[in-house]
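Colleague: I have the model open and want to learn how to read it. Where do we start?

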Amino acid sequence: MRLETRKLLDKAFSGLGLIAIAVMAVALLLILAPIIWRGSKAFVFKGTIEHRRVMLEQFGRGNAEKYRAEAAEVAAARAPVYQMLNDFESEMKGMERSERRAYKKPFREVEKGIKVLLGPIPGERMPVLLRQQYGQTRWDRTLVKLHEVLYSEEWDYSNPEAMGVLVEKPRIDLFKGTKLEPLFPYLEDHIEEMMRPKQTFYWQFITDTSKDSHIFGGIWPEVLGTLYLTLGAMLFAIPMGVVAAIYLCEYAKEGRVVSFLRICISTLAGVPSIVFGLFGLAFFLNTIHVSDSKSVLAGSLTLSLLILPTIIRSSEEAILAVPRTYKEAALGLGAGRWHTIMSVILPASLPGILTGIVISMGRAAGETAPIIFTAAVSVGAPLKIWETLSQPTPALPWNIYNLCTEHEAVDEIRHVQYGMVFTLVAIVLLLNLAAILMRARISKKLRG
Amino acid sequence: MSSAASRRQRFGTLLGQGFLFLVTSLSTFAVFFIFYFILKDAVPFFKEEGFREFFTSAHWYPSGHPAEFGALPIFMGTGLVTLGAIVVAVPLGIAAAVCLSDLLPFHVRQFVKPVIEVLAAIPSVAYGFFALVVFAPLLQNHGGAILSAGAWIILGPILALLVTVLGDLVLGRFSGSKKLGAVVFPTLGILAFLLIHHVARQLSGVEISSGTNALNVSVILGIMALPTVVSVSEDALQAAGRELREGSYALGATRAETIIKTIIPASISGILAAVILGVMRAIGETMVVWMASGNAARIPDPWYNMLQPVRTLTATIAGDMGEADHITGSARFHVLFAMAFCLLAFSFIMNLASEIIVRRSRKKLGK
């Protein structure tokens with residue numbers, strides 16, 4: 001090859017490597033950006049008057065006087081809407097039968113849309129379902145629902161070659177010349193007065209329980225469940241993992257037995273997480289019956305097995321990183337082996353062990369598959385600490401799955417889903433950040 | 001010290017050591033427990049239904065009358081998705097590992113490492129959420145555009161390299177002058193450009209009927225497997241040592257030649273182990289495939305069609321367990337354990353293979 005080409009190829013090669021790194025960074029950014037951006041909107045958003053009503057009535061939060069004053073103004077702004085609905089209904093009664101029938105269905109749709117948008121019509125019986133007792137609590141959802149009132153959607157299949165096309169038709173066209181006609185421009189023009197959007201910082205999203213399966217309120221049961229599961233897993237995994245690491249590093253003589261043990265540990269690390277879940281079901285629940293149904297205890301035990309290899313390995317690394325001189329000095333001073341381990345080696349390797357523990361905490365918090373069959377339920381109240389022995393719990397990872405695939409109103413609660421993912425990712429990344437910082441301090445200490 | 005006290009102390013030490021050994025082996029014997037309990041619930045299925053249908057039939061109707069347990073499409077789906085993930089993760093991962101170990105200066109590396117760590121730390125359900133809520137609608141609505149952009153990103157660098165090499169070969173044959181080079185390189189470049197443009201045009205016409213398909217899952221799984229591939233193969237590349245590199249440079253090789261002809265062959269077994277671990281990560285992943293693969297238990301037509309929904313072993317276990325009878329244990333319950341056992345056996349073999357490979361390579365490099 002010619003020298004120039006070789007140089008060119010060398011540069012191109014470096015370019016390829018850089019492209020790979022760039023693709024990785026971009027992928028990370030593309031994945032995190034929507035989660036962070038839309039997830040933060042579960043906390044910071046434009047809340048309507050309905051949001052403040054939910055807060056006041058369901059959570060006893062906010063200034064009742066101020067709310068009442070605001071509600072009175074809002075009621076005044078909404079009154080013409082209800083008036084127009086009433087007027088049209090009486091107009092309908094005077095119509096010919098066939099004409100009335102033609103109007104009936106579109107009118108019901110409009111009425112239903114307005115109920116969804118603004119909440120139940122004053123003077124009518126309160127609906128049983130909580131979600132029907134309030135209008136839209138968020139301004140972005142309000143605009144979506146307003147659009148649904150203003151336009152009807154129809155699928156157009158007139159072209160048999162192509163796929164169906166969604167067509168929007170203004171509903172106002174259906175009510176030309178009736179008393180309902182002015183309703184649509186009125187809604188469009190006065191929606192702000194009727195809903196009063198205001199910038200809201202709803203940090204209680206994390207600490208509020210959910211109402212009516214996440215339509216209102218926050219994610220406290222899930223957060224608490226995740227905390228229980230993670231801490232429970234640590235409770236079992238830390239002692240076992242650290243003891244195993246001490247044995248493997250300080251006591252065991254390299255040989256058949258130890259290399260066998262090591263193979264076992266690396267096999268454990270390679271077991272797919274869903275298999276851990278099945279094992280938890282078959283062993284902890286169906287064989288030794290740690291509890292009658294799924295429970296936090298069973299889930300914690302399963303998770304602890306999952307993170308055990310990580311803890312053993314990182315603790316081993318931390319113990320091996322302690323300079324030999326420390327140990328020799330302690331032994332030289334006449335300390336016994338056990339004494340040396342407890343008073344010299346463990347304290348010196350503690351930061352390293354903690355780093356491993358923190359990382360595996362993040363892993364335990366985010367794992368879904370092992371808890372599906374052993375601990376997780378979709379809906380549940382926050383548990384008391386003693387209930388964790390026998391009760392299943394909602395948990396962030398499971399409920400993210402559940403809310404975005406099995407919830408009956410998936411599109412209505414996108415903000416809750418994003419908020420949950422955001423919270424989970426934030427928890428895991430904060431734990432990892434802590435580990436990274438700790439590691440940086442350790443390496444500084446060992447170098448300095 | 002009296003001999004009695006010394007004996008007592010020795011006894012105490014022995015007891016303590018025994019206790020430590022017990023705890024250690026307890027945590028390692030968990031593996032055997034897992035094998036035993038999965039196998040215990042898998043055996044009834046094989047006894048009742050036999051092996052033949054499970055591995056060769058394409059009819060998966062576990063709730064039908066009579067129930068049919070042909071898991072072939074599910075195995076195929078797992079294989080297809082894993083293959084896709086490898087195609088994404090391996091070239092990218094090895095290129096990134098080379099870049100990290102040999103090309104980037106130390107202070108830049110410190111900013112890249114956290115990227116990998118964060119990619120590894122993000123919970124799988126968050127990846128699944130992204131695949132289902134963000135990526136799938138994008139694929140469905142702008143599938144053609146995304147595919148053609150992908151073609152540019154993948155084919156662009158490859159063809160650019162090819163053009164340089166081919167051009168060089170041509171010039172070498174005709175003991176090239178500068179003038180000839182001015183003709184050969186642009187011609188090849190334009191040809192390559194036209195080729196990519198043609199492919200991208202073809203792809204941009206593709207319409208994807210469902211965004212939850214094998215392609216979606218493969219891309220996301222590939223990204224998830226990246227950190228494993230990168231960090232393990234970077235370790236392997238680092239382990240190749242300074243002397244090899246310096247020897248190669250001393251012979252007049254450029255950096256690219258050193259890496260391709262010396263370092264990668266020297267650390268090939270470590271890289272292989274990295275690939276195996278990446279494959280295991282992709283096969284064992286549950287949430288992403290459950291949420292975003294479409295969960296259709298039929299063989300894509302043709303079998304390599306990535307744009308159709310598929311179903312994998314892990315997703316089947318996760319999804320069907322809720323419907324299977326937990327307590328009495330019907331065939332439907334046991335078939336899931338049979339699948340879990342296949343997963344377990346496969347990951348065990350892969351793990352053992354990677355372990356052996358790594359050990360052998362360490363011996364070879366004298367460490």
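**Helix pairs, chain contact, salt bridges and loop**

Modeller: Start with two helices of chain A: α7(A) and α12(A) are oblique to each other. Keep in mind that this is a predicted model.

Colleague: Why are α7(A) and α12(A) oblique to each other?

Modeller: Look at the crossing angle. Angles over 145 degrees count as roughly antiparallel, and 65 to 115 as roughly perpendicular. Helix α7 (residues 220–251) and helix α12 (residues 337–366) of chain A cross at roughly 140°. That is why the pair is called oblique. Their axes come within 9 Å.

Colleague: Is the crossing of α7(A) and α12(A) left-handed or right-handed?

Modeller: Right-handed.

Colleague: Which residues of α7(A) and α12(A) meet?

Modeller: Read the contact from each side in turn. On α7(A), the list includes A:Leu231, A:Met234, A:Ile238, A:Val242 and A:Ile246. On α12(A), it includes A:Trp338, A:Ile341, A:Ile345, A:Ile353 and A:Ile357. Then sort by class. The contact holds 15 nonpolar, three polar and two charged residues. Among its members are A:Glu250 of α7(A) and A:Arg337 of α12(A).

Colleague: Now chain B. What is the angle between helix α3 and helix α7 of chain B?

Modeller: About 35°. Here α3 spans residues 72–103 and α7 spans residues 214–239. Their axes lie 6 Å apart. The crossing is right-handed. By class, the contact divides into 20 nonpolar, seven polar and one charged residue.

Colleague: Step back to the whole interface. How many residues of chain B are in contact with chain A?

Modeller: Count residues, then area. For chain B the count is 87, in contact with 83 residues of chain A. The two chains bury about 7300 Å² between them. Carbon and sulfur atoms carry 81% of that area.

Colleague: How many salt bridges link chain B and chain A?

Modeller: Two. B:Glu117 and A:Arg439 form a salt bridge, at 3.2 Å from N to O. Over all chains, the whole structure has 30 salt bridges.

Colleague: What about one within a helix? Which residue does A:Glu50 pair with?

Modeller: A:Arg53. The closest N and O atoms are 2.8 Å apart. Now check the spacing along the chain. A:Glu50 and A:Arg53 lie three residues apart in helix α2 (residues 49–59) of chain A, about one turn of the helix.

Colleague: Last, the backbone. Where does A:Asp212 lie?

Modeller: In the loop between β5 (210–211) and β6 (216–217) of chain A. Check phi there. A:Asp212 has a positive phi of about 50°, though it is not a glycine. A:Ser213 is found in the loop between β5 and β6 too. Its phi is near 40°, again positive in a residue other than glycine.

Definitions and conventions:
Residues are numbered from 1 along each chain as its sequence is written. Chains are lettered from A and ligands numbered from 1 in the order in which they are written. This is a predicted model: local features need pLDDT of at least 70, side-chain atom pairs count only at pLDDT 80 or more; totals for chains, interfaces and linings use all residues. Side-chain values use heavy atoms; hydrogens and water are left out. Contact means heavy atoms within 4.5 Å. Buried area is the accessible area (1.4 Å probe) that two parts lose on being put together, summed over both. A salt bridge is a side-chain nitrogen of Lys or Arg within 4 Å of a carboxyl oxygen of Asp or Glu. Helices (H or I, at least four residues) and strands (E, at least two) are DSSP runs, numbered from the N terminus. Axes are lines fitted to C-alpha atoms, for helices over the stretch in contact, and angles run from 0 to 180 degrees between N-to-C directions. Angles under 35 degrees count as roughly parallel, over 145 as roughly antiparallel, 65 to 115 as roughly perpendicular and the rest as oblique. A crossing is left-handed if the near helix is turned anticlockwise from the far one by less than a right angle, and right-handed if clockwise. Ala, Val, Leu, Ile, Met, Phe, Trp, Tyr, Cys and Pro count as nonpolar, Asp, Glu, Lys and Arg as charged, and the others, Gly among them, as polar.
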